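Subject: Structure handover

Hello,

Here is the structure we talked about. Please open it beside this email and follow along.

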Amino acid sequence: MQHTKYGTKTRRAAVAVVSAATVALLATACGPGNDEPAAAGTTAAPAATAATKAPSTAATASTAPSAATSAAPTKSGTTPSAAPATGAASATAAAPTCAPAELNVDAHQAKQRPNGTGIGAAIIAFTNTSGHPCTLEGFPTVAGAANGSPEHNAPLTVTHTGSAAPVRLAPGGKAWVKLTFVQVQGEADGYCVSGATPVAYPTLVVGLPGGAGAHQVGLDEGLFAECDNKVTTTALLATSPS
């Protein structure tokens, strides 16, 4: 907020007027007599000039508060209304989609999973490794793959569960998906209830929507064993499922 020092200007104008008046009186009182009219006229002229100029300065100073006072409320009045709008826009501005290189991915077996001897279900976590917020949203694609061969993969048929919403990841923040497989039954190589042959993948390629990339990930322990090449997946979540 600007503070205009009206008092200082007014005092200076007043001093100028008083000084000019004082000079005029002194010049008249101390001037020579009637026998030196020319000298008296010469001395009095500067005083009259100073007195004439001083009111002009005072008038200028007296008009300044009026102009500044009318301008100040306009600036003061518009600033509060503009500031909330700017703040609201910043608060609601969406973070960009996480770039593939900004995400670190890991996987572990879920605690809640179908009965059987396979992996049953897995939790995939995506960590924002950048220095700025980013966003993930939607359902992933899933494909089984060998170690180090993401391009040689077997896409799984994906069924969605739940609804999707944007997940904002702060630096170091995470988003999760839960994958639930058709469980392998039995011991040794196991079997599928459908009669199909069980498959075990060392890694999965999990594709994220919106340009967030396809990410190859292995379990912290074991293989992704499943039946029927089917998986049910949640959308990306802001809290870790179990």
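Below is what was found in it, from the whole chain down to single residues.

**Ground rules**

This is a predicted model: local features need pLDDT of at least 70, side-chain atom pairs count only at pLDDT 80 or more, and totals for chains, interfaces and linings use all residues. Residues are numbered from 1 along each chain as its sequence is written, and side-chain values use heavy atoms, with hydrogens and water left out.

**The whole chain**

The chain has two helices and twelve strands. Both terms refer to DSSP runs, numbered from the N terminus: helices are H or I with at least four residues, strands are E with at least two. Along the sequence the pattern reads α-α-β-β-β-β-β-β-β-β-β-β-β-β.

Of the 242 residues, 30% are buried. Buried means under 20% relative accessible area, exposed means over 50%, and partly exposed lies in between (1.4 Å probe, protein chains only). The accessible surface comes to about 13,900 Å². Carbon and sulfur atoms hold 60% of that surface. These areas come from the Shrake-Rupley method with a 1.4 Å probe; for residues, only the protein chains shown count as cover.

Now contacts, meaning heavy atoms within 4.5 Å. Take the contacts with a separation of 6 or more: 76% of them join residues 24 or more positions apart.

**The cores**

In soluble globular proteins, nonpolar side chains tend to be buried together. A nonpolar core here is a set of buried Ala, Val, Leu, Ile, Met, Phe, Trp, Tyr and Cys residues joined through side-chain atoms within 4.5 Å. The largest one has 28 residues. Phe126, Leu136 and Phe181 have the most contacts inside it. Several strands supply at least two residues each, including E1 (103–109), E2 (121–128) and E12 (224–234). E8 gives the most, with four residues. There is also a second, separate core of five residues, among them Ala110 and Trp176.

**Phe181 and its partner**

Phe181 is buried, at 4% relative accessibility. Setting aside residues up to four places away in sequence, Phe181 touches Pro114, Leu156, Leu204 and Phe224, among others.

How many aromatic pairs does the structure hold? It holds one. Phe181 and Phe224 form this pair, at 6.3 Å centre to centre with 55° between the planes. That makes the pair tilted. The rule: rings of Phe, Tyr and Trp (its six-membered ring) pair if their centres lie within 6.5 Å; planes under 30 degrees apart count as stacked, over 60 as edge-to-face and the rest as tilted. The pair links distant parts of the chain, with Phe181 in strand E8 and Phe224 in strand E12, 43 residues apart. Phe224 is buried too, with a relative accessible area of 0%.

**Val184**

Find the loop between strand E8 (174–182) and strand E9 (199–201); Val184 is there. Is Val184 buried or exposed? Val184 is buried, with a relative accessible area of 4%. Leaving aside neighbours within four places in sequence, its contacts include Gly116, Tyr191, Pro198 and Glu226. Val184 and Glu226 are 42 residues apart in sequence, yet their C-alpha atoms are 5.8 Å apart in space.

**An open sheet**

Four strands form an open sheet in the order E5-E4-E10-E11, with antiparallel pairing. Two strands pair if DSSP finds at least two bridges between them. The edge strands are E5 (149–155) and E11, each pairing on one side only.

Look at E10 and E11, which pair over six bridges. Thr203 has Gly218 as its bridge partner. Val205 stands opposite Gln216. Their hairpin has four residues between the strands, and Gly210 takes a positive phi near 75° there.

Side chains alternate along E11 (213–218). Gly213, His215 and Val217 point to one face and are buried.

Most residues other than glycine have a negative phi. Asp228 has a positive phi of about 70° although it is not a glycine. Asn229 does likewise, at about 55°. Asp228 is partly exposed at 26% relative accessibility, and Asn229 is partly exposed at 33%.

Best wishes
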